[in-house]
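User: I would like to learn how to read the features of a fold from its coordinates. Can we go through one case together?

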Amino acid sequence: MYELTTLLEATLGNLARKQKSIVRLFPTFPDRVKNVGLRGGVRLDSWDDDTWKFKVHSGTETALWYDVVFQFLNVEELLDELVANTRLWNKGRTKINLNKLGRAFLNKVDVKIDCSCPAQLYWGGAYIVSLPKYDAKHGEPETRSPRVRNPKKYGAHCKHLQAVMKVLPFHVNQIAKWIKQYHMDIIDAAEMTVRKEMTLKKERQADARQARKDARRAEKQGLQKAEVEEPTVEEE
Ligand SMILES: [Zn+2]
């Protein structure tokens, strides 16, 4: 059941791979995304425990901003799973490194996205990300296929969403801040579990070391005893 759900949801990586074909629809797409950046770019507007809202400037009009939404799914389960990986902890393994955690989180999290611009609807992005294999449309799924404008269903999303995806990996400190604001209870609990496991492991290792030591000592004593007894046997 879990496997099936995983397959039907999209990570940022899944969407980025699908998005690559957008240049077949719009050969100048990368330049259009640049224009979004030049005109005003991306601003993080608000967030709550699972949704980030951005204002993204139009690439063609002046003083026109669109609403871009990123919703992160299964946040708590994923954070819990990631904290268990001690490679994401600090060097001394005393606690999680929130920046490393943020980066891993972005790579693995399932997302739902949307943009309020007309292109996301009319060129098929909304329809494509609504397909069951992505199920990544924030809000109501779009069922109207872009039969005329994008019959081959290239790409996955508009330039405003692309502009946000481009900057997201550079906002690792924002992700850390967001985790601190909303999810520290999960982090604390997961860290506690890992610390307990580390303590148990250390104890088991210490026990094993002691057992080996004892075995060596016993063996040595046995040998010494044999050394003392053997010559008398040989002389006979
Ligand atoms: Zn858009």
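**Reading the sheet and its surroundings**

Analyst: Strand S4 is mostly covered, with six of its six residues buried. The model is a predicted one.

User: Which residues of S4 lie on one side, and which on the other?

Analyst: In a regular strand, side chains alternate between the two faces of the sheet. In S4, Asp110, Lys112 and Asp114 are on one side, and Val111, Ile113 and Cys115 are on the other. Both faces are covered, and these residues are all buried.

User: What is the order of the strands in the sheet, and how do they pair?

Analyst: Strands of a sheet pair through backbone hydrogen bonds, in either a parallel or an antiparallel way. Here four strands form an open sheet in the order S1-S2-S3-S4, and the pairing is antiparallel. S1 (42-47) and S4 (110-115) are at the edges with a single partner strand each, so one side of each has no neighbour in the sheet. From one strand to the next, the twist averages 25°.

User: How many bridges join each pair, S1 with S2, S2 with S3, and S3 with S4?

Analyst: S1 and S2 pair over five bridges, and a hairpin of three residues joins S1 to S2. Within this pair, Trp47 stands opposite Trp52 in S2. S2 and S3 have seven bridges, with Thr51 opposite Gln71 in S3. S3 (residues 65-73) and S4 have six bridges, and Phe70 has Ile113 in S4 as its bridge partner.

User: Which helix lies across these strands, and at what angle to S3 does it run?

Analyst: Helix H9 (residues 159-167) lies across S1, S2 (51-57), S3 and S4, and runs at about 55° to S3.

User: Is H9 enclosed or open to the outside?

Analyst: Seven of the nine residues of H9 are buried, so the helix is largely enclosed by the rest of the structure. The buried residues are Lys159, His160, Leu161, Gln162, Ala163, Val164 and Met165. They pack against helices H2 (12-19) and H4 (29-39), as well as S1, S2, S3 and S4.

User: Now a pair of helices. At what angle do H6 and H10 cross?

Analyst: Two packed helices are described by the angle and the distance between their axes. The axes of H6 (residues 98-108) and H10 (residues 172-182) come within 8 Å and cross at roughly 100°. That makes H6 roughly perpendicular to H10. On the H6 side, the contact is made by Leu98, Asn99, Leu101, Gly102, Arg103, Phe105 and Leu106; on the H10 side, by Val172, Asn173, Ile175, Ala176, Ile179 and Lys180. By class, this contact of H6 with H10 has eight nonpolar, three polar and two charged residues.

User: Let us turn to the loops. Where is His138 found, and which residues does it touch?

Analyst: His138 is in the loop between H8 (125-130) and H9. Leaving out residues up to four places away in sequence, His138 touches Val69, Gln71, Lys112, Ile113 and Asp114. His138 counts as partly exposed because it has 17 C-beta neighbours inside 10 Å. From His138 to Trp123 there are 15 residues in sequence and 17 Å in space, C-alpha to C-alpha.

User: What is the phi of Asn74, and what is the phi of Arg93?

Analyst: Asn74 has a positive phi of about 50° although it is not a glycine. Asn74 lies in the loop between S3 and H5 (75-83). With 16 C-beta neighbours inside 10 Å, Asn74 counts as partly exposed. Arg93, another residue other than glycine, has a positive phi near 55°. Arg93 lies in the loop between H5 and H6 and, with 12 C-beta neighbours inside 10 Å, counts as exposed.

User: And the overall form: what is the radius of gyration of the protein?

Analyst: The protein has a radius of gyration of 28 Å, whereas a compact globule of 236 residues would have one near 18 Å. The C-alpha atoms fill a box of roughly 105 × 35 × 30 Å along the principal axes. There are 11 helices and four strands, and 28% of the 236 residues count as buried. Of the contacts with a separation of 6 or more, 69% are between residues 24 or more positions apart.

Definitions and conventions
Residues numbered from 1 in each chain as written. Predicted model: local features only at pLDDT ≥ 70, side-chain atom pairs only at ≥ 80, totals over all residues. Axes fitted to C-alpha atoms, helices over the stretch in contact; angles between N-to-C directions. Helix = DSSP H or I, 4+ residues; strand = E, 2+ residues; numbered from the N terminus. Parallel < 35°, antiparallel > 145°, perpendicular 65-115°, else oblique. Contact = placed C-beta atoms within 7 Å. Nonpolar A, V, L, I, M, F, W, Y, C, P; charged D, E, K, R; others polar. Pairing = 2+ DSSP bridges. Buried ≥ 20, exposed ≤ 12 C-beta atoms within 10 Å, placed from the backbone. Rg over C-alpha atoms; globule rule 2.2 N^0.38 Å.
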